[in-house]
Amino acid sequence: MTAAYEAMFRQALRIRLAEEKIAEIYPSDKIQSPVHLSIGQEPHTAALIASLAPGDQLYTTYRSHAAYLAKGGDMRLMFAELYGKASGISKGKAGSMHLCSPEHGLMGCSAIVAATISHAVGAGYAFQLLGRKDIVVSLTGDGSTEEGVFHECLNFAALRKLPVLFVIENNGLAIHAHLAGRQAFSLEKLTAAYGIPYFLSPDGLDMPAVAAQTAKIAAAVRGGAGPAVYEIRACRYMQHVGVAQDFDKGYRDRAEFEAWRARDPLVREKALIEKFRPELDREIAAAVDFAEKAPFPACEEVLKDVF
Amino acid sequence: MKTMTYREAIARSMRGALEKNPRSIIYGLGVTDFTGIFGTTLGLEKEFGSGRVFDTPLSEDAMTGFAVGAALNGLYPIHIHIRADFMLLAMNQLVNSIAKYKYMYGGLFELPLLVRAVIGRSWGQGAQHSQSLQALLSHVPGLTVVMPASAQSVLDTYEYAATKARFPVISLEHRLLYDYSFNLDAGARPADPFTSRLVREGRHVTVAATSVMVADAVNAAKFVSEKAGIEAEVIDLHCLTRPDSKLLLDSVRKTGRLIVADAGWAPFGVCAEISRLVATSDPGLLKAPVQEIAQAHSPCPTAKTLENHFYPDMGTVADAICRLASGRKDHGVELPSADYKRRLYKEFKGPF
Ligand SMILES: Cc1ncc(C[n+]2csc(CCOP(=O)(O)OP(=O)(O)O)c2C)c(N)n1
Ligand SMILES: [Mg+2]
């Protein structure tokens with residue numbers, strides 16, 4: 001077992017435990033913000049981000065805890081943000097759906113599906129124009145590929161050979177709607193129509209595979225090959241928004257989830273879990289404590305930073 | 001006194017932005033073609049390179065979000081829409097991203113950028129090539145909306161935007177103004193151009209106007225001064241999201257009479273907003289009800305006969321000033337003839 005694998009594993013476990021803590025706290029109503037958990041999808045996020053350079057930027061969605069933590073965001077500031085506290089990363093004005101960490105290159109998370117894809121393209125253009133050697137990663141769900149702007153972005157990124165990696169996290173669902181009922185196109189063929197190389201990781205739980213694939217693609221994008229599209233298949237264990245499972249609602253198949261979970265390293269690899277758990281539990285407890293004790297924003301804050 | 005057309009002022013400002021801010025970029029549909037956005041971007045690609053000045057695919061939504069990522073990384077994007085109507089495809093980015101970016105992240109980011117959008121008018125531009133959407137945009141906290149009404153306003157505002165401002169600006173330029181010549185340095189020049197301007201002093205009636213209606217108001221004020229000795233004070237609101245309320249209220253305190261002349265629709269618009277400002281600050285200043293001058297509350301028709309009813313002009317403003325000053329509809333002042341107005345207006349001949 002390599003150190004790189006252990007580091008990825010630790011990061012993925014850190015995200016899962018933090019989100020499980022969110023689920024535990026949620027019924028108390030101390031977190032008054034919709035939460036979209038990544039549970040089941042953290043392994044690929046940890047592997048993806050572990051294979052990027054620190055200067056690479058990331059633009060993603062409301063399902064943002066995993067990306068925030070993996071990119072280096074401070075867990076205490078995240079919990080304080082979820083609690084709506086003044087010590088939160090954005091002083092309690094962002095909540096769960098708009099985490100960011102500019103110093104680590106997480107430049108924004110939007111609650112509007114697909115809205116950040118074009119931001120990544122603009123950032124890629126800036127990198128190219130200013131001669132910066134980093135790349136930009138746009139991380140969005142399968143549903144975002146149905147928005148017209150995704151096509152506009154592929155077109156412009158291809159036209160200008162921008163250093164943008166479009167990662168599509170395909171969990172087969174957009175809220176409660178399955179892919180087959182939403183998409184008449186194949187992502188691979190769509191990507192090919194723009195002359196953009198397409199890559200696939202059929203199993204997002206396979207962290208070494210995702211890490212190796214990402215490293216390869218990122219190197220090409222960094223080297224000036226232009227944009228790439230990278231689809232990672234995954235399984236969302238929880239309901240779309242909220243902290244429960246919803247297999248009893250009849251829209252999805254429990255057996256499919258069981259099959260994913262049976263392969264889940266964050267369930268199976270007991271020795272590694274035991275190795276990291278105590279330390280991670282302490283970090284999470286400290287973060288929750290920080291959030292609990294932090295002050296709420298003063299009311300003057302409501303009109304600050306508007307213009 | 002030196003004069004300059006509105007078009008020339010914009011063209012100079014675009015060049016100035018590229019020269020004075022090495023991080024500025026200018027892009028949009030038609031920016032590099034031989035017409036160069038009505039002559040305001042001609043030659044810039046050649047001089048500054050296609051990295052900084054470029055045409056785009058027909059992708060208003062993506063190219064507006066593009067400005068976000070570019071601005072976050074130190075560029076100063078200037079995105080141009082040859083018709084303001086096309087900007088509607090980018091409302092998601094303008095309203096959901098750009099207007100929120102600073103606030104939603106607790107002040108961690110700033111988005112200095114400029115969106116220029118041209119309001120079309122006349123010669124049958126019709127319902128989808130003519131809209132004045134300042135109210136729609138100004139409604140949203142986080143957007144700074146300007147409507148430059150003179151060459152000097154263009155020069156001052158665009159230079160400040162490209163070199164000093166740290167916030168997103170949407171500028172609505174009026175196509176009719178492009179061919180107008182203006183005296184430079186005429187009137188007040190506020191140090192921070194993002195506010196209103198006193199354009200003409202008067203003691204009987206205050207006219208608060210936007211965009212092309214400022215020119216109409218000035219022409220009307222001159223006309224009624226000559227014909228009837230009525231002196232109208234004209235305020236160019238200019239920055240709709242930061243009107244100079246002191247300037248406005250002081251003027252209304254002096255005149256007691258207010259006309260709001262806006263190049264848009266009245267309901268929920270600038271007329272409503274300026275009336276709100278007075279009503280909620282000091283309604284006792286008014287000696288008569290506010291008069292609103294705006295476009296007919298309909299989409300813009302194409303037939304000239306209908307268009308004439310749709311758009312107010314300097315005659316509409318002159319009439320309103322006389323009515324308000326005399327307190328009578330039949331004020332007896334002879335209004336400018338069609339011929340007089342024809343001589344005044346450089347009529348726009350299409351297409352484009
Ligand atoms: C433009 C827009 N339309 C609809 C919604 C409502 N909505 C929120 S999440 C979501 C599903 C998105 O699915 P996907 O992109 O696959 O991401 P996932 O939630 O699966 O991570 C929808 C439709 C939205 N937030 N934004
Ligand atoms: Mg999905």
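Are Asn171(A) and Leu173(A) buried or exposed? In this predicted model, both Asn171(A) and Leu173(A) are buried.

**View 1. The largest pocket, lying between the two domains of chain B.** Because domain 1 (3-183) and domain 2 (197-344) of chain B both give residues to its lining, the pocket lies between them. The space in this pocket is about 720 Å³.

**View 2. Lining of the largest pocket.** The lining comprises 29 residues, and those nearest the pocket centre are Ser150(B), Ser181(B), Phe182(B), Asn183(B) and Val218(B). By residue class, the lining has 14 nonpolar, 8 polar and 7 charged members. In chain B, helix H8 (151-163), strand E8 (181-183), strand E9 (197-200) and helix H9 (212-228) each supply at least two lining residues. H9(B) gives the most, with 5 residues.

**View 3. Cysteines of chain A, including Cys153(A) and Cys235(A).** The disulfide count over all chains is 0. Cys153(A) is in no disulfide, and the nearest cysteine sulfur, that of Cys109(A), is 16 Å away. Cys153(A) counts as buried because its relative accessibility is 1%, a value under the 20% limit for burial. Cys235(A) is also buried, with a relative accessible area of 5%.

Technical notes:
Residues numbered from 1 in each chain as written. Chains lettered and ligands numbered in written order. Predicted model: local features only at pLDDT ≥ 70, side-chain atom pairs only at ≥ 80, totals over all residues. Heavy atoms only, no water. 1 Å grid on protein atoms, 1.4 Å probe; cavity = no way out; pocket = protein on both sides within 12 Å on 5 of 7 lines; lining within 4 Å. Points joined across faces, edges and corners; volume = space filled by probe spheres on them. Helix = DSSP H or I, 4+ residues; strand = E, 2+ residues; numbered from the N terminus. Nonpolar A, V, L, I, M, F, W, Y, C, P; charged D, E, K, R; others polar. Domains from an automatic or database assignment. Buried < 20%, exposed > 50% of the residue type's maximum accessible area, 1.4 Å probe, protein only. Disulfide = S-S within 2.5 Å.
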